[in-house]
Amino acid sequence: MDLRDCLRRCSEKIKSLPKTSRIRIISHYDTDGICSAYILAKAIEREGFDFHITLLEHPVKEEIERLGDEDSDAMILSDLGSSFIDTISKMGRDSIILDHHQPEDRDVIKGSVIQVNSNLFGIDGDTDASGSSLCYLLAKEMNKENIDLSPFALMGAIGDKQSLGGFSGVNREIFDEARREGFIKISRPSLKLGDGPIIREINLSVDPFYPGLSGREEEIGKLLDRLSIREDARYSEIGGEEKKRLHSFLMLTLLRNNIDPLVANNIIKERILTEKLPLNLDVISEMIDACSKSNDHGLALSFLFNPEDLYERIKRRSEAYKIRIIEKLREIEDRGLKETRNIVYFTCDKAGDGSYMSGIVSSYFDCKNKPVFSFSKDRNKIHVSCRARRKMVERGLNLGGLMRSIAQRFGGSGGGHKIAAGATLEETDLDEIVRYIDDIIGKGYEGKV
Ligand code: C5P
Ligand code: ZN
């Protein structure tokens, strides 16, 4: 079966349900998961069905089982699910999985479950398709009019860092289609800054994290003074010469920190705009992720349904979160990362913070060409988040595989992509976990680039 046939089957399955059906959508709580859920909900609503969305932070088997037991006529899992295909198929309910994480089971059909996992159709889920892209393909299969949801597919891919180096594969096709049909516009190359005064925007900039500047307002004030740029000016208001001076200085600041070269090429770039959202997709994607990881999944999702009314609220919420995260990143900046032979790591209180920060650290801190791990203790468990640079993956690193294997060794669950993965472990001896990871990476992957 090819991807198109598989999507057609999913669409037929949904459309064959009685119109009184209630469809449960279970999705991941990051930007990609939230865009996936939104796209599915819109497509389902447009067919006249009722839907109910649940966003999961760290999906575990028990949670999937509990949700599957609740009253609903069909279940769609997006941006997750492949790790739980056995559990889902045992429930015997009509279910669809739309996932791009590495699958454990290669069956597309398993009992009453259809598993649409990009990797099973020769599409690399790390780089060429996000959960949202797959949900969008299904939405379009259900009704061509759903093409207006294309900007949300792109925003999901951006959230999962699949736009680095330009879109490719399925994402590229969606981008071209959205542009051709007029659902997106492309801006002139620019920095990723919001609509507030420059001093405030740089101060609050987490991605990019400007070393020595992010979270250090006084230093930014001095810099703007040196560059003869008014502190209260907005980025959109300053002239070409001022922009050039600002761009060069910020780029140099980043490069001095040995940032990921792939990320460096994306600091000043064209941005995607859509009439459906108030700012470019890079900025909005970050707002949604920050809001959701600050524990307000509901607001992050509702914003997509009602962007005009909820813009100020999500902006405030994400800014408050970023202030807290920048504080922690500054601590790492001052104190340095912990380092073993094959990894760099840090610890933090909350798993959501670790997930958010590990991506930033991997991109913008000098990680000595090693993958980054974050560890958070939560009661009797340790949550691990890990991120690598694309070059390390090209040399053979597979973090998703590594997380699955530590979950087997220490108990718990784990998985993800080669480049970004996570696990929740029963073991709480951090030193032992670090030793194990260091050892396993050392055996299969030297840690050098
Ligand atoms: O938790 P975190 O955001 O670091 O997870 C990174 C990636 O690994 C996510 O895409 C998530 O779906 C995946 N993951 C997983 N199994 C886990 C934890 C995370 O597949 N137990
Ligand atoms: Zn995803």
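Where is the place of R379: in the loop between which two strands? R379 sits between β11 (372-378) and β12. This model is predicted.

Phi of R379 is near 50°, a positive value in a residue other than glycine. R379 counts as exposed because its relative accessibility is 74%, and the cut-off for exposed is over 50%. S228 also has a positive phi, near 55°. S228 belongs to the loop between α9 and α10 (240-255). With a relative accessibility of 53%, S228 counts as exposed. Most residues other than glycine have a negative phi, and most peptide bonds are trans. The bond between D207 and P208 is cis, with omega at about 10°. P208 is in the loop between α8 (198-203) and α9 (217-226).

**The zinc site**

Which residues coordinate the zinc ion (ligand 2)? They are D32 (OD), D79 (OD), H100 (NE2) and D160 (OD), at 2.1 to 2.3 Å. Along the chain, these donors follow the spacing D-x46-D-x20-H-x59-D. The pair H100 and D160 links distant parts of the chain, 60 residues apart. H100 is in the loop between β4 (95-99) and β5 (109-110), and D160 in the loop between α6 (150-159) and α7 (169-180).

H100 is buried, at 0% relative accessible area. Its side chain also makes a polar contact with the side chain of D32, at 3.2 Å.

**The ligand 1 site**

How many residues surround ligand 1? There are 15, and the closest are H101, S355, S385, R387 and G415. By class, the shell has 3 nonpolar, 11 polar and 1 charged residues. Three strands each supply at least two residues of this shell: β12 (381-387), β13 (412-416) and β14 (420-425).

| Residue | Part of residue | Distance to an oxygen atom of ligand 1 |
|---|---|---|
| S385 | side chain | 2.5 Å |
| R387 | side chain | 3.1 Å |
| G416 | backbone | 3.2 Å |

Taken alone, ligand 1 exposes 460 Å², and the protein buries 91% of that.

Notes. Residues are numbered from 1 along each chain as its sequence is written. Chains are lettered from A and ligands numbered from 1 in the order in which they are written. This is a predicted model: local features need pLDDT of at least 70, side-chain atom pairs count only at pLDDT 80 or more; totals for chains, interfaces and linings use all residues. Side-chain values use heavy atoms; hydrogens and water are left out. A residue is near a molecule or strand if one of its heavy atoms lies within 4 Å of it. A polar contact is a pair of N or O atoms within 3.5 Å; within protein, one must be able to donate a hydrogen and the other to accept it, and residues adjacent in sequence count only if both atoms are side-chain atoms. Accessible areas come from the Shrake-Rupley method with a 1.4 Å probe; for residues, only the protein chains shown count as cover. Helices (H or I, at least four residues) and strands (E, at least two) are DSSP runs, numbered from the N terminus. Ala, Val, Leu, Ile, Met, Phe, Trp, Tyr, Cys and Pro count as nonpolar, Asp, Glu, Lys and Arg as charged, and the others, Gly among them, as polar. Donors are N, O and S atoms within 2.8 Å of the metal (3.2 Å for Na, K and Ca); water is not among the atoms, so sites may look incomplete. Buried means under 20% relative accessible area, exposed over 50%, partly exposed in between (1.4 Å probe, protein chains only).
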